[in-house]
Amino acid sequence: ANSASATFDDDTKAEPVVTFAQPGEYTLEVEITNYNCSGTKTKSTQKLIVVDADYSLEILNKDTIICYDQLIEIINKTDDNQGVSYVWSVTDENSNETTGWQFEAGDKESKKPKFKFTEPKNYIVSVSTKNICTTRTYSFNVRVNKDPEVKFNTFETICNNRKITIDNSKVEYTWYNMPEAEREILWSITPTNGVVEENIDTVEPSYTFTETGDYKLSVKIKATGCSKAYVEEEITITVISDNLDLQVKPDTIAGCVPLDITFTNTTSDTDEIVYKWSVDKPQTKWEYVQGSETEKSPVFNFNKEDVYKVSLEAKNKCNTKYLDFEIQTYDEVHFALDALPVVCGEYTFDASSAQEGLHVTGTQSNIKSINWVVYKSTDNTNGNYQVAPSETYEFTAGDINTLFPIIKIKEWGYYKIELQAQTICNDETISTTIEIEEPIVITI
């Protein structure tokens with residue numbers, strides 16, 4: 001098999017030396033003649049592959065960007081006659097073992113495997129090759145993209161005239177493998193009236209709402225192009241007034257017990273207000289007739305005379321307001337006059353007397369007016385009373401409008417002493433009678 005590319009030092013030796021000048025596939029043949037056996041000849045052949053001591057590794061894959069779940073097929077044009085073996089591996093960008101990839105076709109020893117990447121991140125695809133003469137390595141970067149995602153969290157009601165920032169408590173971004181330098185974001189809001197916008201091309205824009213109402217807030221993010229050009233999301237937010245304008249009025253602030261009072265509340269319900277009522281006196285003196293401490297328009301019953309302070313705390317998302325109402329309640333006042341004795345000559349009626357006077361039950365400050373009237377019987381019997389002539393009696397202390405006067409009756413006869421009382425809660429007229437006998441005059 002002598003040729004220009006393969007030569008023997010001696011082709012008749014049992015162990016010749018062959019020199020190969022070029023790589024390639026060769027067939028080595030040996031013919032043995034046995035002269036002791038009548039010249040019997042035996043032939044044997046052996047195929048040989050001669051490789052280049054400095055082979056060329058021709059893998060054409062370069063640094064690349066693909067989308068999530070796409071495949072990469074290795075383009076390998078290395079000469080099969082070089083006797084090259086392969087060991088493929090995938091690591092993260094720090095050359096550490098990583099997950100998120102698999103062989104879709106072939107395996108780690110294949111010449112042209114296919115890789116599938118299931119997680120968006122940066123990978124390094126490497127191959128270690130060798131033949132009997134040389135070892136070579138090759139690697140390239142794979143950036144796996146996935147479109148970013150944006151999600152709004154539930155927005156609480158927003159107060160007007162206050163600046164809010166749309167931070168990570170209100171919106172969540174998932175950028176996957178998108179570098180910060182490539183991120184493009186733009187916010188918009190409708191309607192635009194009554195809104196001051198700031199930093200609307202960042203991940204944390206700010207807004208100040210000067211008017212109330214519903215607004216539609218939208219965010220638009222540039223995508224990687226894997227499935228769409230942009231990712232968009234929107235949410236409706238409600239802006240309420242930071243001026244908590246309470247409209248609460250009791251139907252009365254004073255009256256006689258038992259007294260029911262309705263607190264009519266016409267405050268706008270759109271303000272999402274939480275109410276808390278309280279009274280500064282023990283609940284033995286009052287109770288809720290309708291509703292409870294959280295009622296918007298409760299009805300109270302007051303059953304004892306007192307001065308009450310009814311308080312209201314009202315809260316919404318923006319403000320807390322307090323209202324106090326003073327409620328005055330009154331008891332009825334009742335009067336009683338003692339029975340008077342029969343006396344001779346004249347009689348002095350002392351209204352403050354414990355035995356022959358006036359008795360008052362209730363709060364005397366509830367009395368609005370007092371009027372005393374003295375009557376005298378026209379026929380000297382216990383009946384047919386007329387207003388007594390002024391010369392028959394006199395007020396020695398106080399007068400007709402004094403609660404506890406002293407009245408002196410100077411002439412004999414039948415008299416009726418009457419009290420006409422007007423109080424805040426009731427009017428009463430009471431009377432008592434007295435007989436003053438004529439003195440016996442003995443003339444000798």
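Which side chain meets that of lysine 163 in a salt bridge? The partner is glutamate 198, with an N to O distance of 3.4 Å. This briefing concerns a predicted model. The structure holds 13 salt bridges, and its largest nonpolar core has 25 residues.

**Salt bridges**

- Lysine 163 is exposed, at a relative accessible area of 51%, whereas glutamate 198 is partly exposed, at 30%.
- Another salt bridge is formed by the side chains of aspartate 306 and lysine 285, at 2.5 Å from N to O.
- Because aspartate 306 lies in strand β27 (residues 306–315) and lysine 285 in the loop between β24 (274–279) and β25, this pair ties together parts that are 21 residues apart in sequence.
- Aspartate 306 has a relative accessible area of 19% and is therefore buried, the limit being under 20%.
- Lysine 285 counts as partly exposed, with 24% relative accessibility.
- The side chains of aspartate 9 and lysine 13 also meet in a salt bridge, with 3.4 Å from N to O.
- Both residues of that pair are partly exposed: aspartate 9 has a relative accessibility of 46%, and lysine 13 has a relative accessible area of 39%.

**Nonpolar cores**

- In soluble globular proteins, nonpolar side chains tend to be buried together.
- Within the largest core, the residues with the most contacts are Phe335, Phe349, Leu358, Ile370, Trp372, Leu419 and Ile434.
- Two or more residues of this core come from each of the strands β29 (334–337), β31 (347–350), β33 (367–377), β36 (406–409), β37 (413–423) and β38 (427–437).
- Beyond its neighbours within four places in sequence, leucine 419 is in contact with Phe335, Leu358, Ile370, Asn371, Trp372, Glu428, Thr429 and Ile430.
- Another core, of 24 residues, lies apart from the largest one and includes Phe155, Phe209, Val219 and Ile237.

**An open sheet**

- Four strands, in the order β21-β23-β26-β25, make up an open sheet with antiparallel pairing.
- At its edges are β21 (248–250) and β25 (286–290), each of which pairs on one side only.
- From one strand to the next, the twist averages 25°.
- Strand β23 (residues 259–265) and strand β26 (residues 299–302) run antiparallel and are joined by four bridges.
- Threonine 262 has valine 299, in β26, as its bridge partner.

Terms used. Residues numbered from 1 in each chain as written. Predicted model: local features only at pLDDT ≥ 70, side-chain atom pairs only at ≥ 80, totals over all residues. Heavy atoms only, no water. Core = buried A, V, L, I, M, F, W, Y, C linked by side-chain atoms within 4.5 Å. Buried < 20%, exposed > 50% of the residue type's maximum accessible area, 1.4 Å probe, protein only. Contact = heavy atoms within 4.5 Å. Pairing = 2+ DSSP bridges. Axes fitted to C-alpha atoms, helices over the stretch in contact; angles between N-to-C directions. Salt bridge = Lys/Arg side-chain N within 4 Å of Asp/Glu carboxyl O.
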